[in-house]
Amino acid sequence: MRKEADRRRDEAGGRDKAPPASHAPELDRLIHERLRLGIVSALAVNESLSFGDLKKLLNTSDGNLSVHARKLEEAEYIACTKSFEGRLPRTEYRLTAAGRRALERYLEHMEALIRATREA
């Protein structure tokens, strides 16, 4: 069975259309995870969202959302503000400038992969 790279090289007249893997930019694994991408994407189109809003929007559990939000906080992609409304705690999230840049890079990377796949 021939390898995919050999097939592409033959179809391209001896030239390999896809760049070697060593030259491909590294995918941001932090954002690439489904729930974290959902959090960052939701915050990119909203000024801020509460924990409850994100939980409902992403259809996830408290624990799952909390773990993934903390990872994004540690990377400084999102900021978290905690307050009280009466006696009820309220956690609010917003996308930071670093998070917006990371999302833009991620989207550019994915668009380049899509273009390369369509051109292959």
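Student: What is the relative accessible area of Glu85, and how is that side chain classed?
Tutor: Glu85 has a relative accessible area of 48% and is therefore partly exposed, since buried means under 20% relative accessible area, exposed over 50% and partly exposed in between, with a 1.4 Å probe and protein chains only. This is a predicted model, in which local features need pLDDT of at least 70 and side-chain atom pairs count only at pLDDT 80 or more, while totals for chains, interfaces and linings use all residues. Residues are numbered from 1 along each chain as its sequence is written, and side-chain values use heavy atoms, with hydrogens and water left out.

Student: Which residue forms a salt bridge with Glu85?
Tutor: The partner is Arg90, with the closest N and O atoms 3.3 Å apart; a salt bridge here is a side-chain nitrogen of Lys or Arg within 4 Å of a carboxyl oxygen of Asp or Glu. Arg90 also meets Glu92 in a salt bridge, at 3.0 Å from N to O. These shared partners join Glu85, Arg90 and Glu92 into one network.

Student: And is Glu92 buried or exposed?
Tutor: Glu92 is buried, because its relative accessible area is 19%.

Student: How many salt bridges are there by this rule?
Tutor: The count is three, and one of them joins the side chains of Asp62 and Lys55 at 2.7 Å, N to O.

Student: New topic: what is the strand order in the sheet?
Tutor: The open sheet has three strands in the order β1-β3-β2, with antiparallel pairing; strands are DSSP runs of E with at least two residues, helices are runs of H or I with at least four, and both are numbered from the N terminus. The edge strands, β1 (49-50) and β2 (78-85), each pair on one side only. Two strands pair if DSSP finds at least two bridges between them, and two bridges join β1 to β3 (residues 88-95). Ser50 stands opposite Glu92 in β3.

Student: What about the largest nonpolar core, how many residues does it have?
Tutor: It has 22 residues, and Ile39 is among those with the most contacts inside it; such a core is a set of buried Ala, Val, Leu, Ile, Met, Phe, Trp, Tyr and Cys residues joined through side-chain atoms within 4.5 Å. Its largest share, five residues, comes from α3.

Student: Where is Ile39, and what does it touch?
Tutor: Ile39 lies in helix α3 (residues 34-44) and counts as buried at 0% relative accessibility. Leaving aside residues up to four places away in sequence, its contacts include Leu54, His68 and Ile78, where contact means heavy atoms within 4.5 Å.
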